Amino acid sequence: MSIPKPVVLVVALLLIAGTLLLVMPRTAVADGTLPPATWYAVVWQQNTNSLHWINANGEQASIPRPRLQNEASATSGVRLHISPNGRYLVVMAPLLDGREGIGFFDLQTGYFLQTHQTEPNEVFMWNGYYPSTISSTHFAVSLRNNTTTDWRIIAFELASGNVVAQLTNSDPTLPGNMPLSADWWPVVAHYDLDEGLGQTRVRFQMVTYPNAPDTTFPSFMWYPETTAIGPDALPFSMNTGFDIMPASGQVVYAWYDGNPPTPTATNTLSTQVAPNYAPVTVFVDGTAAPRYPRWLRGGQWIGYRTETGPYQPHWVITTPNGQNSVPLSPEIGSLYATADGFLAVDSINWRLMHMTTYPVEAFATSFGTTVFQGQPFTVIYTTPAEVGFSLPQVVEQQPNPGVNAAVGDAVQAPDQP
C-alpha cells in the first residue's frame, strides 16, 4: 500500500522540525520559570526593548524590559545593572522632565520596590561596566551637578531601594589629596566586602575631562557603615579598563606607561592582588594597545581587546602568565565571563556564543555553541563564578500602587539617627 504524498510531506516536515529543535537553542519558557543552571546571562535586546535569560542550553525566559513610567526614551541613555544573585534590576534612565530616574525592580515578583529621581541639573556618572561583587545586597552610583559641579556618591540597599549612605564633595573627612576642583568627579569602580574589616566598601576613582591615555586617576575607599574614607590603590585607567575577581580582589588592568624603561614597553596588561602584592605583567608591546581586560572562567583565562595590526581591532584570549595567546575574529565585539568559560558577541551577525575550551582557533568567527541570536543586543549580566544563580522565575512588570514609578522622590541622604 502506498502512502499518500501529503502524508509523506507532513512526516518529512515533522522530522525536519524535530531535528531543528535538537540543534537550535531552546526558546523562551512561557511561564518565566528559570531551571537551575551553573550560570545565567541576561541579554537586553534593544529593538524589542526586552530582557532574555540564557544559559548553556539557550534561552529560558524573556520579559519586556521594566520601565519607569516617565522615561524619556525606550533605550537612549538607559543604563541597567543586575545584582550578583540575579534577583534585583537597577534601571537608570533620562526622564521627560529633564531629570534622571533610578528604580529598583524585583525580577522575582515583578514589582518596582522604590524609585527616585535626581536633583535638577544632576546626572548619574556611570562608566558602563560595573564588576559584580560577592555582596548581592547593595549598589552605589555617583552623581554630578552640571551647574554647580557638586558631586555625591549614594549607596542603596537593593532589596528595598532605600538610600543607606551618602558621600558628598563637601564632606569634611575627605582626604586632603583628593582632587576637588570643578573638572574632577568620582566614578564608582567596585562595591564589595572588605574581608579584613568585615564591612562593605565603595571603591571609586576621581576622573577628569579630557582624559589622556596615560592619566593617573587617584582612587579611594569609602565605608558607608562607618563613613570612613581613605586612599585606595586601584591600578587602572578609565580609558584602558580593568576587571576585579570578586572573591580574591585580584585586579587585571591595562595601562599606558608614558615614561617606559625602553622605547617599546609602552602598553602593558598586568594583574595584581591590589594593593598587597607586586603586579604580574601579562603583556607588553610597543604598538598593540591592550584595552578592557576581562577575567574569564573564574580567573583561569584573560580576555582583552587590542587595537592595532592587520586584523584590528580584535579580542585576544590568554592565560594569566601571558602564554598561548589566541586572537579572535574582528567580528567579535565583546566578551563576558561564565563560570565554565566565556560568552562572545558576534556583533556582525548578532550571535551570542558560549565557549568552554581553550585555546580557540585563531581569528575564528564561529566557535562553541550559539545560545542566542537577535539584533541588536547587549549582555547586561552574567553570573559571577563565586556567587551562583538562585532566581527561580522572572515576572513581567506589575502595577504597584505602593510605588509611584511616574514621579519618585528626589533622592536624598538617609535620616541620621
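**Close-up views of a predicted model**

**View 1. The side chain of T382 reaches a backbone oxygen.** A polar atom of the T382 side chain lies 2.9 Å from the backbone oxygen of A337. The model is predicted. T382 sits in strand 28, which spans residues 377-382. Is T382 buried or exposed? T382 is buried, because its relative accessible area is 16%, and buried means under 20%. Leaving aside residues up to four places away in sequence, T382 touches Y40, A41, Y336, A337 and L343.

**View 2. The chain as a whole.** The chain holds one helix and 29 strands. It has 417 residues, and buried residues make up 50% of them. Take the contacts between residues at least 6 apart in sequence: 49% of these join residues at least 24 apart. The chain exposes about 18,400 Å². Carbon and sulfur atoms supply 55% of that area.

View 3. Four strands form an open sheet, in the order 24-25-26-27, with antiparallel pairing. Which strands are the edges? Strand 24 (332-338) and strand 27 (369-373) are the edge strands, and each pairs on one side only. From one strand to the next, the twist averages 25°. Strand 24 and strand 25 (residues 341-346) run antiparallel and are joined by six bridges. Within this pair, A337 stands opposite F342 of strand 25.

**View 4. The enclosed strand 22.** Strand 22 covers residues 314-318. Five of its five residues are buried, so strand 22 is largely enclosed by the rest of the structure. H314, V316 and T318 point one way from the strand. W315 and I317 point the other way. Residues on both faces are buried.

**View 5. The neighbours of strand 22.** Strands of a sheet pair through backbone hydrogen bonds, either parallel or antiparallel. Strand 21 (residues 301-306) pairs with strand 22 in the antiparallel sense, over five bridges. R305 has W315 of strand 22 as its bridge partner. Strand 23 (residues 326-327) also runs antiparallel to strand 22, and two bridges join them. Here V316 has P327 of strand 23 as its bridge partner.

**View 6. The largest nonpolar core.** How many residues does the largest nonpolar core have? It has 24 residues, and L51, W53 and L107 have the most contacts inside it. Strand 1 (41-45), strand 2 (50-55), strand 3 (58-64), strand 4 (79-82), strand 5 (88-94) and strand 28 each supply at least two residues of this core. Strand 5 gives the largest share, three residues. L51 touches V42, V43, W44, A61, S62, I63, R65, P66, L80, L89 and I380, not counting residues up to four places away in sequence. A second, separate core has 22 residues, including A140, I153, F204 and V207.

View 7. Four strands form an open sheet in the order 8-9-10-11. Its pairing is antiparallel. The edge strands are strand 8 (122-125) and strand 11 (163-168), and each pairs on one side only. The twist averages 30° from one strand to the next.

View 8. Strand 10 (residues 151-157) and strand 11 run antiparallel, joined by five bridges. I154 has Q166 of strand 11 as its bridge partner. A155 stands opposite A165 in strand 11. Five residues lie between the two strands of this hairpin. Which residue takes a positive phi in the hairpin? G161 does, with a phi near 80°.

Terms used: Residues are numbered from 1 along each chain as its sequence is written. This is a predicted model: local features need pLDDT of at least 70, side-chain atom pairs count only at pLDDT 80 or more; totals for chains, interfaces and linings use all residues. Side-chain values use heavy atoms; hydrogens and water are left out. Buried means under 20% relative accessible area, exposed over 50%, partly exposed in between (1.4 Å probe, protein chains only). Contact means heavy atoms within 4.5 Å. Accessible areas come from the Shrake-Rupley method with a 1.4 Å probe; for residues, only the protein chains shown count as cover. A polar contact is a pair of N or O atoms within 3.5 Å; within protein, one must be able to donate a hydrogen and the other to accept it, and residues adjacent in sequence count only if both atoms are side-chain atoms. Two strands pair if DSSP finds at least two bridges between them. A nonpolar core is a set of buried Ala, Val, Leu, Ile, Met, Phe, Trp, Tyr and Cys residues joined through side-chain atoms within 4.5 Å. Axes are lines fitted to C-alpha atoms, for helices over the stretch in contact, and angles run from 0 to 180 degrees between N-to-C directions.
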